[in-house]
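Me: I would like a close look at a single part of this model, with the terms spelled out as you go.
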Amino acid sequence: MEVLPAINCNDFECVRSKIEISSTFAKWVHIDIVDGKFASNLTWGSPEELTKLIAEYPGLKFEIHLMVTDPETQTDIWLRAGAKRVIVHLEAMTDPVYILQKCKKYNAEAMLAIGPKTEVERLLAHKDDFNYYQILAVYPGLAGQKFQDEALAKISFLRSHLSRAHIEVDGGVNNETIARIKAAGADMVVAASFIFESENPEAAYQKLQEA
């Protein structure tokens with residue numbers, strides 16, 4: 001199971017601190033960017049500061065989760081900053097061709113996400129374009145929410161129809177939910193609270209990775 005530490009912060013110092021921790025054991029980190037409109041909360045969101053972090057931590061790759069109302073505009077900004085994977089939400093996306101072309105231009109990966117209220121069948125309309133998909137198992141925005149079991153059926157459905165796709169699960173991932181997530185067919189997870197609220201973040205990370 002591929003595991004990405006998830007960073008959900010209100011300020012740059014928080015982001016830097018969690019990236020410093022992650023850099024000792026992770027290859028990728030996942031950063032939540034929330035605009036206060038797509039979801040009610042607002043997080044850190046400075047592409048300029050991301051560029052500085054990429055220079056400081058050359059061994060890390062950055063996945064940017066855009067929980068925003070204008071993913072097309074934001075995709076370009078974060079790709080130019082150095083993101084190697086951008087997650088956009090089906091609920092907000094209006095121009096998938098633009099997003100895919102931008103990711104190709106910057107040699108980055110595009111991931112298509114859906115929230116809990118969105119039917120998983122809608123992802124199949126994009127099966128010939130996207131190779132990465134995310135099932136959000138909590139409501140967009142805040143870290144620390146409880147995993148919603150309804151996500152498991154979505155993972156299984158997507159795996160049965162897209163056998164070669166990469167399926168990531170975000171939200172409520174911990175040592176109790178990881179086995180069910182894997183059994184349903186996911187091959188990637190992101191985790192925030194379970195890793196960063198642990199006394200030993202690296203051990204928590206390894207526990208998920210070995211599931």
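How many strands make up the closed barrel, and with what pairing? Please then take me to serine 22 and the helix in which it is found.

Reply: This is a predicted model, in which local features need pLDDT of at least 70 and side-chain atom pairs count only at pLDDT 80 or more, while totals for chains, interfaces and linings use all residues. Residues are numbered from 1 along each chain as its sequence is written, and side-chain values use heavy atoms, with hydrogens and water left out.

The closed barrel has eight strands, running S1-S2-S3-S4-S5-S6-S7-S8 with parallel pairing; strands are DSSP runs of E with at least two residues, helices runs of H or I with at least four, both numbered from the N terminus, and two strands pair if DSSP finds at least two bridges between them. Strand S1 (residues 2-7) pairs with strand S8 (residues 188-191) in the parallel sense over four bridges, and valine 3 stands opposite valine 189 in S8.

H1 packs on the sheet, where it touches S1, strand S2 (28-34) and strand S3 (61-67).

Serine 22 belongs to helix H1 (residues 12-22) and is buried, with a relative accessible area of 0%, where buried means under 20%, exposed over 50% and partly exposed in between, using a 1.4 Å probe and protein chains only. Beyond its neighbours within four places in sequence, serine 22 is in contact (heavy atoms within 4.5 Å) with Pro5, Val29 and Phe196. Proline 201, 179 residues from serine 22 in sequence, lies 8.1 Å from serine 22 in space, C-alpha to C-alpha.

Key:
Axes are lines fitted to C-alpha atoms, for helices over the stretch in contact, and angles run from 0 to 180 degrees between N-to-C directions.
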